[in-house]
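Here are my notes on this model, point by point. Please read them with the structure open.

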Amino acid sequence: MSKLLEVKDLSIAFDTYGGEVQAVRGVTFDLDEKETLAIVGESGSGKSVTAQSLMRLVPMPPGKFAGGSIVFNEEDLVEKSDKQMEGIRGKDISMIFQDPMTSLNPTMPIGKQISEGLIKHQNMSKKAAHNRGIELLKLVGIPNPERRIDQYPHEYSGGMRQRAMIAIALACNPKILIADEPTTALDVTIQAQILDLMRDVQEETGTAIILITHDLGVVANAANRVAVMYGGKIVETGNVNEIFYNPKHPYTWGLLSSMPKIDGDDEELLAIPGSPPDLADPPKGCPFAARCPYAMKVCENHMPEYTHLSETQQTACWLLDERAPDVEAPESAMVGGTKVHE
Amino acid sequence: MNSIEEKEKLLEIKDLKKHFKLSRKQTLKAVDGISFDIYKGETFGLVGESGCGKSTAGRTIMRLYEATEGEVDFNGDNVHAKKSAKELKSFNRNMQMIFQDPYASLNPRMTVKDIIAEGIDIHGLASSKDDRLNKVHALLEIVGLNKEHGNRYPHEFSGGQRQRIGIARALAVSPQFIVADEPISALDVSIQAQVVNIMKRLQKERELTYLFIAHDLSMVKHISDRVGVMYLGKMAEVATSDDLYAEPLHPYTQALLSAVPISDPEVERTRERIIIEGDVPSPVSPPSGCRFRTRCPHAMDICANVSPEWQEHKKDHWVACHLYNE
């Protein structure tokens, strides 16, 4: 399958009063057509900055590209001018945000916010854009779209606003949809509706999705592939089965262990001690070393290379070096008990 | 676990109501007649979606809000009865709260030491300055912080650390009962587990009773002995947490549990999900009869007219649903 998007060695830094914060430190991944790639990590891991940079939405300054490339359609988005980006944003790549209340324009009817892109990118007439807007609202499951299209965001409920935002993002049939924590602000029953909707929409339109989230349940539900970020780096990537059933990075183990199992019993949760690194003064070696129960001397000073465990799975950890001691994943990180992954 | 009969009731909540007047014509019935007991030493989990009244219930139980109707008995003593300032003070000492937002709930202009000692000062629990400081240092250690942290200000701490400070503050007056209102929702997964483990350890050591309010059902299951599910100001179901998750009776509980994504891709691919349509109706004008009927897959004619009775369907398993009427 051809690669839709290739991100190579991307680094992004921010100038702050406290010095330079290196939010993203050499991230490499790619995206296939029609797939869903989940980027998971904690707050401050750099997942949202990575996502925003794909649309060139990182404010510069204070932000800046410190290296790397984002290749889409054989062109490097890092090199594009703002004007050129305007022709890509909303047309080829679009985005839905975490908080639908603050990311919709409160002074504009929903219909107008949908037609904006259609009129700009597809030279549609106002009337045609309006009709397409009704179709889109129907697609995302908003009842009474003919009436709803003229309403303002405050007249919508939280779940409906998120649906409307998906409709806006899909208006021009983008090739890539970036969803930054799309369900975090929603209640579980509404979250289930939105995840279902995103799956249906993907089947219908064939758009590839980059899903940014911290919820491993959402990842298991929606993703084909997963990239685990920590301290501005991708520490492990693989397809969804590899990450859940055969994880190799201690941070992935920690994440899986600290989730309570809904069908499990109430033994103590395995918490990861300590807190994430300060990226104004990033650690020289592996960013997880300070919290890693298996950390060795080498981890502190040298960032491990990626070990290719399969065609899809790569892990950056010194434990996978041949000189390292054998360490098994703790039992608490075993998803689904004794399930063996082929 | 001891059977429930042997357990002593710490709190009895009887038909508690809290209404807010929005205007002359509109009343928001945030909590509209809930009844349940909380036993000594247990964790009672209260779950529901935003706007269901779970936080209002927690605050009304603590008398942060005056109840509109109904009673809360704490050790057999009505919390909402008329109280002298002295009585109120001793009552406040026994009930403490941990808040959701660790950024907004600590005074940014006070040192951590003074934040934690505020309760000690109010209730006169320290005999001298040294005693006060020793108490604070002991509390800091209990929640896994250092003595030196006492001289710093809240902004110097991360979210997880701040939540520990909030726990230390609640513990300072040695309460019997703690209301924890979404104490971990604002924290990252790896930090959530740290805070939950501290809370569980303290409960064992100090025989604390918790009312744990949350919307994360898997975490509630993990920490709670019994769980109550609220919907639009009413209690839908109360049961032991094992019972509730193994055999949910109320259609809303069933839908809620089925909506939680499980971190196991194989399970996610194969399981049948009950997806309920629509949104939660406005609590200002809730549906007649059963409040869940507008989204319920099993709604019958009776549901629109008659509000279902709160009944014990099996031992220790309470539900309000017409499906379980004889």
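1. Start with the nonpolar surface patch on chain B. Met300(B), Ile302(B), Val306(B) and Leu323(B) make up this patch, which is about 300 Å². Keep in mind that the model is predicted.

2. Leu323(B) sits in the segment after strand 12 (317-319) of chain B. Its relative accessibility is 36%, so Leu323(B) counts as partly exposed; the buried class requires under 20%.

3. Next, Pro261(B). This residue is in the loop between helix 9 (251-259) and helix 10 (265-270) of chain B. Pro261(B) is buried because its relative accessible area is 11%, against a cut-off of under 20%. Beyond its neighbours within four places in sequence, Pro261(B) contacts Gln191(A), Gly217(A), Val218(A) and Asn221(A) in chain A. From chain B, the contacts are Glu268(B), Arg271(B) and Arg273(B). The C-alpha atom of Pro261(B) is 9.6 Å from that of Ser218(B), and 43 residues separate the two along the chain.

4. Now chain A. An unreviewed UniProt entry annotates residues 5-256 as "domain: ABC transporter".

5. Finally, Ser257(A), in helix 11 (residues 250-257) of chain A. With 6% relative accessibility, Ser257(A) counts as buried. A polar atom of the Ser257(A) side chain lies 2.7 Å from the backbone oxygen of Trp253(A). Setting aside residues up to four places away in sequence, Ser257(A) touches Leu270(A), Pro330(A), Ser332(A) and Ala333(A).

Conventions
Residues are numbered from 1 along each chain as its sequence is written. Chains are lettered from A and ligands numbered from 1 in the order in which they are written. This is a predicted model: local features need pLDDT of at least 70, side-chain atom pairs count only at pLDDT 80 or more; totals for chains, interfaces and linings use all residues. Side-chain values use heavy atoms; hydrogens and water are left out. Helices (H or I, at least four residues) and strands (E, at least two) are DSSP runs, numbered from the N terminus. Buried means under 20% relative accessible area, exposed over 50%, partly exposed in between (1.4 Å probe, protein chains only). A polar contact is a pair of N or O atoms within 3.5 Å; within protein, one must be able to donate a hydrogen and the other to accept it, and residues adjacent in sequence count only if both atoms are side-chain atoms. Contact means heavy atoms within 4.5 Å. Patches are made of residues with over 30% relative accessible area and no salt bridge: like charges are joined within 9 Å, nonpolar side chains (Val, Leu, Ile, Met, Phe, Trp, Tyr) within 5 Å. Accessible areas come from the Shrake-Rupley method with a 1.4 Å probe; for residues, only the protein chains shown count as cover. A salt bridge is a side-chain nitrogen of Lys or Arg within 4 Å of a carboxyl oxygen of Asp or Glu. UniProt positions are given in the numbering used here, feature names are shortened, and annotations may be inferred rather than shown by experiment.
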